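Subject: Structure handover

Hello,

Here is the structure for you to look at. Please open it before you read the notes below it.

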Amino acid sequence: MPSAWFLMPFKVFEQRPDRDTRALEINFDPVVLDAYRTDGGEMRQIECRGNHALIKLRAFTQDTLDKVAGLPGTTRITTKQLNETLSDLTPAQKTALRNLIVGLGYALADVQAALGPDIGNRTVREVLRYIVSQDQPGFTVNPDRTTFTMKGPIIDNTDLLIVDAVDAAL
Amino acid sequence: MAFPTTSVLDTFTRADNASLGANWAGPVFVGNFAPRIVGNQVGPDTDSGNSYASRYWLTPVATGQYEAGLTMGTVGSARREIYTNIGSPASGSENLYALAETFGVQFEWGIYRYLTGSSTLMGATFTQSYASGDKFGLEVVESISQKAYYKAAAGSWAQVGTTQSDSTLFGGSLGFAIQENLAAPRIDDFFGGDSVAATPAPAVRPDYSRFPKSVLRRT
């Protein structure tokens, strides 16, 4: 079964009227959600900064993965194995990936310090672990009921082996 | 692993009462109401329409693997939620995992994580219809998995939705909530606690009587 790693944003989800709740973008597109469900899809999420989550998603068909990749704000990071490097990325793709990580809230200097000047020299495991190395789980939903204000501390993820566990599960 | 492995903590079979009794505390969330014993089941005490009545079992879990669940009583027009890992209840900074039905979409369920009061759906929602007498449950293996289960009244337990892998919550209490609605929504038998490990198979020992003593040597 094909699988891939995605970076996916959260949106406001009206789970109950007296609580602010967020859910991954896939829950808001009935076509993609139905494709995921009927295709035997399975996914695990690891939350990270920037109101996003790193997702590993597996489905029976490539078409479902392509549909997920087309969701708003969603990026298919890679289909490679954890121990493979990202050396085949073009310079533009490397820049895009680095900008994606910076867009989560990580400082460019910190990204470069952690992953080096050429992200293509890093393994998938190293990059994914860096993406989930910090999280800011607290939020409030703004009065417009569509946007968030992130709140609370940014916390270090002390369980980076979760990337390997999720990878092994799917 | 089999589910469930625990027995019923409370059948709610007793005289009608505004309180669930000394084994329960609550509410789980700020602003929740108190559920009541009514007709040997549990129902809400008022009809706010948009809020919930909630309680948690006073004895917290003690190991790294546990479960909670309940029986659907009279279905009515209300939603139910099952909780594990309840921490800092009614503080505005609640922590817990929840198997919960979407308020506006009957039969749509999800596994949620509340962390310091912020609620996040884990993965995708799933659909599971139910009727009175059916059961739902939530199993947690700390740092490894959260799984939802369903059992039709005359059926057998099966996992519903997909496994989640959150690793942020440990310990805490078990509990439930029911949407406030006086149109007779009810829940019944609440079960849960630390998972009971399957009885290990007896160790297989070599039958030395089958061998002549000449081939048995001390090592």
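Counted over all chains, the aromatic pairs come to 20 in this predicted model. One of them joins A:F13 and A:F28, whose rings are 5.9 Å apart from centre to centre. The angle between their planes is 85°, and the pair is edge-to-face. A:F13 is in the loop between strand 1 (3-12) and strand 2 (21-24) of chain A, while A:F28 is in the loop between strand 2 and helix 1 (30-38), so the pair ties together parts that are 15 residues apart in sequence.

The two partners can also be described by their accessibility. A:F13 has a relative accessible area of 9%, so it is buried, because the cut-off for buried is under 20%. A:F28, at 27%, counts as partly exposed. The ring of A:F28 also has the charged end of A:K11 sitting over it, 4.9 Å from the ring centre.

In chain B, ring pairs link B:F12, B:W24, B:W57, B:F176 and B:F190 into a cluster. There is also a charge over a ring between the chains: the charged end of A:R16 sits over the ring of B:Y52, 3.7 Å from its centre.

The last item is B:S165, found in the loop between strand 13 (158-164) and strand 14 (173-179) of chain B. Its relative accessibility is 6%, so B:S165 counts as buried. The side chain of B:S165 makes a polar contact of 2.5 Å with the side chain of A:R44. Beyond its neighbours within four places in sequence, B:S165 is in contact with A:R44, A:I162, A:V166, B:I144 and B:Q146.

Regards

Terms used
Residues numbered from 1 in each chain as written. Chains lettered and ligands numbered in written order. Predicted model: local features only at pLDDT ≥ 70, side-chain atom pairs only at ≥ 80, totals over all residues. Heavy atoms only, no water. Helix = DSSP H or I, 4+ residues; strand = E, 2+ residues; numbered from the N terminus. Buried < 20%, exposed > 50% of the residue type's maximum accessible area, 1.4 Å probe, protein only. Polar contact = N/O pair within 3.5 Å; in protein donor to acceptor, adjacent residues only side chain to side chain. Contact = heavy atoms within 4.5 Å. Phe/Tyr/Trp six-rings, centres within 6.5 Å; stacked < 30°, edge-to-face > 60°. Lys NZ or Arg CZ within 6 Å of the ring centre and 35° of its normal.
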